[in-house]
Amino acid sequence: MIEKLFKKIEEYDTIILHRHSRPDLDALGSQRGLALTLKEAYPSKKIYMVGDMSTRYAFLGAMDEVKDDAYLNALVIITDVSVSTMVSDERYKNAKEVFIIDHHKNASDITTNVISDTSKIAVCELITKILLDRGFVIPPYAATSFFGGIVTDSGRFQYGETTGDTLRIAGMLLDLGADKEFIYKNIYTESLQDRLMKNWFGTQFKTTSAGVAYLKNDKDIFEKFPVDFFNISRGMVGVMAGIAEIPIWCNFTYDIENDVIIGEFRSRDISIVDIAKKYGGGGHDLACGATLHSWDEVDQVIEDFNTLLRN
């Protein structure tokens, strides 16, 4: 499939890169890193990046403005997601051909043109390896994007899925000019307001007798903290991490725009992805999520995690 993708890249004059909505840095880094590398290799081609943006990762750069008719004879490459409901910008459906590069444990309902390796902790790791194996020159600004995705999806190389290859690929990106100080400064430096918000959430979570910690954030939370959804849903799940008595922790946040509840699930060393899949979600063994439709369903998820721990 890799050979087929790069044959198509050679054929098409217009290539548009998508990724999942409400992107994390692996989604943005893989999209941007691949786009910038292809632009360097094929300067005469029209290569675009599209999708919604999070203010948290705006430092990486803006998306492109792309007209609808650009898709009619375009190749679309979607990174870091295989499920149609999670792709940012539905115009990918109008493309002539679609390919996916992913590392999550989800089957695709979009296309059979899928390149996937679930052993990779980040799709940035997978794409970097593919590009280097094929002899592409990854420019420094692309290397920085890939490096950011690897750092964040590996939890600064702490998560169990981190391998020797992960570290070797990260090292190669540094050798290629990845700016680690730029990534670390923008990810791990926060405002006083953000730190106070994080401290508040750190006092609000509840725990079950089995050892599950959870936050339930209803719509009123955005009146207390007028930040974007990502800052609370993905941003606050980590306040429950690193506690010896808590092997599984979850953050449930009401999505006002779509009238659903987004669950972010994390585990220290017990696979929880099957429970995410039970509710139509997915992801990694130790980091996954699902879209839920009521607070009763949220309670069912928590009870499933209780059962998992008790067994």
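**View A. The right-handed β-α-β unit in this predicted model.** Strand S1 (residues 14-19), helix H2 (residues 25-41) and strand S2 together form a right-handed β-α-β unit. Right-handed means that, with the strands pointing away from the viewer, the path from the first strand over the helix to the second runs clockwise. Helices (H or I, at least four residues) and strands (E, at least two) are DSSP runs, numbered from the N terminus. The model is predicted: local features need pLDDT of at least 70, side-chain atom pairs count only at pLDDT 80 or more, and totals for chains, interfaces and linings use all residues. Residues are numbered from 1 along each chain as its sequence is written, and side-chain values use heavy atoms, with hydrogens and water left out.

**View B. Pairing of S1 with S2.** The two strands run parallel, joined by four bridges. Strands pair if DSSP finds at least two bridges between them. Ile15 lies opposite Ile47 in S2.

**View C. The two faces of S2.** In a regular strand, side chains alternate between the two faces of the sheet. In S2 (residues 46-49), Ile47 and Met49 make up the covered face. Lys46 and Tyr48 make up the uncovered one.

**View D. The largest cavity.** Its volume is about 30 Å³. A cavity is a set of points on a 1 Å grid over the protein atoms alone where a 1.4 Å probe fits but cannot get out; lining residues have an atom within 4 Å of a point. The volume is the space filled by probe spheres set on the points, which are joined across faces, edges and corners. Leu5, Phe6, Ile9, Leu34, Ile101, Ile127 and Ile130 line the cavity. Helix H1 (2-11) gives the most, three residues.

Key:
1 Å grid on protein atoms, 1.4 Å probe; cavity = no way out; pocket = protein on both sides within 12 Å on 5 of 7 lines; lining within 4 Å. Buried < 20%, exposed > 50% of the residue type's maximum accessible area, 1.4 Å probe, protein only.
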